[in-house]
Amino acid sequence: MDTLIVWIVVFTALGGVLSVLAAAGFLLLPADARTRLLSPLVSFAIGTMLGATFLGILPEALESPGIAPHTITMAVLLGLLVFFLLEKMVIWRHCHIDECEAHGGDPHPHAIEQAQRVAAGKLILIGDGIHNLVDGVLIAAAFLTDIHLGIITSIAVIAHEIPQEVGDFAVLLHSGYGRGRALWYNLLSSLTSIVGGVAAYFALSLVQEAVPYVLAIAASSFIYIAVADLIPGLHKRTEFSATLQQIVLIALGVTVIAAMRAVLH
């Protein structure tokens with residue numbers, strides 16, 4: 001068996017399992033401890049994602065032979081716009097009826113709120129499965145470019161998956177799932193990353209010229225998640241100590257990626 005496919009399977013599986021187990025362990029902590037740790041985790045994840053993007057993924061994509069740099073940056077730009085539109089469509093479709101400006105209307109009875117909670121749990125599992133499938137494709141594309149880049153990309157994926165899985169668990173528990181059932185379903189949805197990785201290995205290895213563009217989409221995905229979804233949450237804490245902590249942890253995330261890249265190369 002090609003050792004490359006082994007690397008892809010191991011790291012896509014590792015990412016899914018570790019993120020779910022870390023999130024499950026996080027939820028076992030007391031509520032005040034979870035509150036204290038979530039913001040540092042998010043800050044560190046932002047650093048790893050931006051570090052992986054600008055120190056690893058984009059340089060590799062831009063250095064691809066035979067491809068003009070502006071075509072890669074155009075792919076990144078288009079990726080950012082696509083992720084914006086996808087998120088906007090999800091907000092329009094699934095926002096809360098009694099709060100959403102798009103839907104309007106008066107508050108609805110408790111029965112509808114409960115139905116929304118159940119639906120939210122199902123949507124989280126479907127969305128998480130698709131998201132992890134895409135993560136598997138991105139990891140495979142990185143490994144097909146360079147094993148070291150694959151490892152760095154996997155670390156960034158794991159780092160941003162942990163805070164996300166914590167949020168997913170909270171939604172599932174809020175939707176009426178027990179802890180064991182929520183853990184099992186979330187683990188299954190996380191393992192779709194293996195499917196994405198294996199499928200991408202066989203598809204992208206046949207069409208190697210597509211790899212730089214997949215890396216560009218990976219870069220736009222990391223940039224969008226970090227800048228549009230994670231950083232705004234940090235701005236809710238404006239005190240100097242919190243801001244300093246966020247800057248230090250973001251820098252630490254970037255430093256970890258830079259150190260990993262230096263060691264692996």
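Which residues does Ile57 touch, not counting residues up to four places away in sequence?

1. Ile57 touches Ala52, Leu149, Thr153, Leu215, Ala218, Ala219 and Phe222, where contact means heavy atoms within 4.5 Å. A word on the basis: this is a predicted model, in which local features need pLDDT of at least 70 and side-chain atom pairs count only at pLDDT 80 or more, while totals for chains, interfaces and linings use all residues. Residues are numbered from 1 along each chain as its sequence is written, and side-chain values use heavy atoms, with hydrogens and water left out.

2. Ile57 also belongs to the largest nonpolar core, which has 43 residues; Ile57, Phe143, Leu204, Leu215 and Phe222 touch the most other members. Such a core is a set of buried Ala, Val, Leu, Ile, Met, Phe, Trp, Tyr and Cys residues joined through side-chain atoms within 4.5 Å. H8 gives the largest share of this core, twelve residues. A second, separate core of ten residues includes Ala23, Ala24, Val166 and Phe169.

3. Next, the pairing of helix H2 (residues 31-62) with helix H8 (residues 211-234): their axes come within 9 Å and cross at roughly 155°. Helices are DSSP runs (H or I, at least four residues), numbered from the N terminus. Axes are lines fitted to C-alpha atoms over the stretch in contact, with angles from 0 to 180 degrees between N-to-C directions. H2 is therefore roughly antiparallel to H8, a term for angles over 145 degrees. The residues of this contact divide into 20 nonpolar, three polar and one charged.

4. H1 and H7 pack with their axes 8 Å apart, at an angle of about 160°, and so they too are roughly antiparallel to each other. On the H1 side, Leu4, Ile5, Ile8, Val9, Thr12 and Ala13 meet Ser193, Ile194, Gly197, Val198 and Tyr201 in H7. The residues of this contact divide into eight nonpolar, three polar and no charged.

5. Two single residues may interest you. Ser190, found in helix H6 (residues 179-190), counts as buried because its relative accessibility is 0%; buried means under 20% relative accessible area, exposed over 50% and partly exposed in between, with a 1.4 Å probe and protein chains only. Leaving aside neighbours within four places in sequence, Ser190 is in contact with Gly16, Ser19, Val20, Asp128, Asn132 and Glu165. Leu38, in helix H2, is partly exposed at 33%.

Key:
Helices (H or I, at least four residues) and strands (E, at least two) are DSSP runs, numbered from the N terminus. Angles under 35 degrees count as roughly parallel, over 145 as roughly antiparallel, 65 to 115 as roughly perpendicular and the rest as oblique. Ala, Val, Leu, Ile, Met, Phe, Trp, Tyr, Cys and Pro count as nonpolar, Asp, Glu, Lys and Arg as charged, and the others, Gly among them, as polar.
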